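Please open the structure in the viewer and display the ligand together with the protein.

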Amino acid sequence: MSNQLLNLTGKKFFVTGGSRGIGAGIVKTLADLGAQVAFSYSSNEAKAQEVLKSLKGNGHFCVQMDVSNAASVESACGQVLQTWPDIDGVVNNAGITKDQLLLRMKADDFQQVIQTNLVGVFHVTKAFTKPMLKASKGCFVNISSVIGSVGNPGQSNYAASKGGLDAFTKSMALELASRGIRANCIAPGYIKSDMTDALNEAQLKSLTEKIPLGRPGEPAEIATSVAFLLSDAASYITGQTLHVNGGMYLS
Ligand code: NDP
């Protein structure tokens, strides 16, 4: 097998939620590997512009999009497809948490997390599937979570959204395989980002104790796995959830 299979030069990818955290790490890594990258932000335009300016190479751009809103997704994905009708892959990364113990959780907070993390992926996937089917090429990487496989107290909404995303991705893979389109999930564990910075010290300590490798991960450590799954080196991998969490899934 040639190392050229890992080369992303000339490929075009769209990453949702690329303005911060794991998404920004994915955008930077894909650009470093020679790809052209479009990415979305929800409200943080200044951060998105910072990421855009930091990227190697030309032709990258960003769009505003709220994944929980079908009209916003249609308009933003339409812009991306107008620029790149021959897009090579999409990374569904945007996500939120609204943690609370089940008995205290408001129905709105349950619904908002499902709407963003699961229904949002449905909207974005639908927008890109038709042109990919027409071109008989494409690849999706969905960012789920180890919590979708093992659950977590205070995260019933988040666990349901991410477990649903793993299952959604398996069905996507089965529906799209005959046209050569692949779909996989990456399930991160505890990765340093604004999302996990919001946790208190006791929560972070208890999370770290559950990681066999003994430390949180960096966004770049998720990004390299995303790059692999998007590349031709992963041409025979579809319908899988790759656990990238320092062994947390086993503990
Ligand atoms: P951050 O909170 O750091 O970043 C979230 C990103 O999603 C931002 O770019 C944000 O845009 C965007 N976003 C938020 N809401 C919406 C929305 N409604 N529509 C569109 N974009 C939106 O999160 P992380 O980087 O930590 O997480 C990224 C993904 O990884 C998520 O799916 C998360 O569930 C998953 N994950 C994270 C883990 C971790 O430990 N960090 C562990 C397991 C999974 P803006 O900047 O404009 O607000």
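For the grouping used at the first stop, Ala, Val, Leu, Ile, Met, Phe, Trp, Tyr, Cys and Pro count as nonpolar, Asp, Glu, Lys and Arg as charged, and the others, Gly among them, as polar. The model is a predicted one.

First, select the shell around the ligand. By this grouping, its residues comprise 12 nonpolar, 15 polar and four charged. Of the 31 residues around the ligand, those that come nearest are Ser19, Asn93, Tyr158, Gly189 and Ser193.

Next, select Ser43 and show its backbone: an N or O atom there lies 2.7 Å from an oxygen atom of the ligand. Move on to Asn44, where a backbone N or O atom is 2.8 Å from a ligand oxygen atom. At Val67, a backbone N or O atom lies 2.8 Å from a nitrogen atom of the ligand. Now display the surface: of the 900 Å² of accessible area that the ligand has on its own, the protein covers 94%.

Colour the helices next. Two or more residues of the shell are given by each of helix H1 (21–32), helix H6 (156–176) and helix H7 (194–197). Which element contributes the largest share of the shell? That element is H7, with three residues.

Finally, keep H1 in view and select helix H9, residues 219–230. The axes of H1 and H9 come within 8 Å and cross at roughly 55°. H1 and H9 are therefore oblique to each other.

Notes
Residues numbered from 1 in each chain as written. Predicted model: local features only at pLDDT ≥ 70, side-chain atom pairs only at ≥ 80, totals over all residues. Heavy atoms only, no water. Near = heavy atom within 4 Å. Polar contact = N/O pair within 3.5 Å; in protein donor to acceptor, adjacent residues only side chain to side chain. Areas by Shrake-Rupley, 256 points an atom, 1.4 Å probe, with all protein chains shown as cover. Helix = DSSP H or I, 4+ residues; strand = E, 2+ residues; numbered from the N terminus. Axes fitted to C-alpha atoms, helices over the stretch in contact; angles between N-to-C directions. Parallel < 35°, antiparallel > 145°, perpendicular 65-115°, else oblique.
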